[in-house]
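Here's a quick tour for anyone meeting this structure for the first time. Have a look at it, then read on.

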Amino acid sequence: SYHLFALLDIPLPKPQLLYPGFAMANLLGGQGQQPHWKIPTNAFLHWYGKNELRPNRKMGHLNSVAKSPQIALNQALKALGNFQL
């Protein structure tokens, strides 16, 4: 609908910040074992679906949002600790 606003020269609403803190932690391949993890409760998993797990290959990432960047980073790092690649 915002696209239509722009085409009709209608002023767009101002964006609102939902979470002032954001962090991302990369999921890197380890020693070629099958990955396993506990599903994080305060982070969002983005798994790339790659077939081959190699050392230091980026296999996915975790995003975390919170009321501050430091809290978001702590959440992402805690969720990262639940992964084994």
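Why does Asp9 count as exposed? Asp9 is exposed because its relative accessible area is 70%, and exposed means over 50%, with buried under 20% and partly exposed in between (1.4 Å probe, protein chains only).

Before going further, some ground rules. This is a predicted model, in which local features need pLDDT of at least 70 and side-chain atom pairs count only at pLDDT 80 or more, while totals for chains, interfaces and linings use all residues. Residues are numbered from 1 along each chain as its sequence is written, and side-chain values use heavy atoms, leaving out hydrogens and water.

**The overall picture**

- The protein chain has 2 helices and 5 strands; these are DSSP runs (helices: H or I, at least four residues; strands: E, at least two), numbered from the N terminus.
- Reading from the N terminus, the elements go α-β-β-β-β-α-β.
- The C-alpha trace of the protein chain spans about 55 × 30 × 20 Å along its principal axes.
- The radius of gyration of the protein chain is 18 Å, whereas a compact globule of 85 residues would have one near 12 Å. That value is taken over C-alpha atoms, and the globule rule is 2.2 Å times the number of residues to the power 0.38.
- Of the 85 residues in the protein chain, 26% count as buried.
- The accessible surface of the protein chain is about 6500 Å², and 57% of that belongs to carbon and sulfur atoms. These areas come from the Shrake-Rupley method with a 1.4 Å probe; for residues, only the protein chains shown count as cover.
- Looking at contacts in the protein chain with a separation of 6 or more, 59% come from residues 24 or more positions apart. Contact here means heavy atoms within 4.5 Å.

**The sheet**

- An open sheet is built from 3 strands in the order S1-S4-S3, with antiparallel pairing. Two strands pair if DSSP finds at least two bridges between them.
- At the edges sit strand S1 (21-28) and strand S3 (44-47), each pairing on one side only.
- From one strand to the next, the twist averages 20 degrees; axes are lines fitted to C-alpha atoms (for helices over the stretch in contact), and angles run from 0 to 180 degrees between N-to-C directions.
- S1 and strand S4 (residues 58-66) are joined by 8 bridges in the antiparallel sense.
- Across that pairing, Gly21 has Ala66 as its bridge partner in S4, Ala25 has Leu62, and Asn26 stands opposite His61.
- S3 and S4 also pair in the antiparallel sense, over 4 bridges, and Trp47 stands opposite Gly60 in S4.

**What's covered up**

- In a regular strand, side chains alternate between the two faces of the sheet.
- S4 is mostly covered, with 7 of its 9 residues buried.
- The largest nonpolar core has 8 residues: Leu27, Ala43, Leu53, Met59, Leu62, Ala79, Phe83 and Leu85. A nonpolar core is a set of buried Ala, Val, Leu, Ile, Met, Phe, Trp, Tyr and Cys residues joined through side-chain atoms within 4.5 Å.
- There's a second, separate core of 5 residues, among them Ala23, Ala66, Ala72 and Ala76.

**Out in the loops**

- Most residues other than glycine have a negative phi.
- Asp9, in the loop between H1 and S1, has a positive phi of about 60 degrees although it is not a glycine.
- Asn56 also has a positive phi, about 65 degrees, and isn't a glycine either. Asn56 is found in the loop between S3 and S4 and counts as exposed because its relative accessibility is 63%.
- Leu18 lies in the loop between helix H1 (2-7) and S1, and counts as exposed because its relative accessibility is 70%.
- Leu18 and Pro40 are 22 residues apart along the chain, and their C-alpha atoms are separated by 20 Å.
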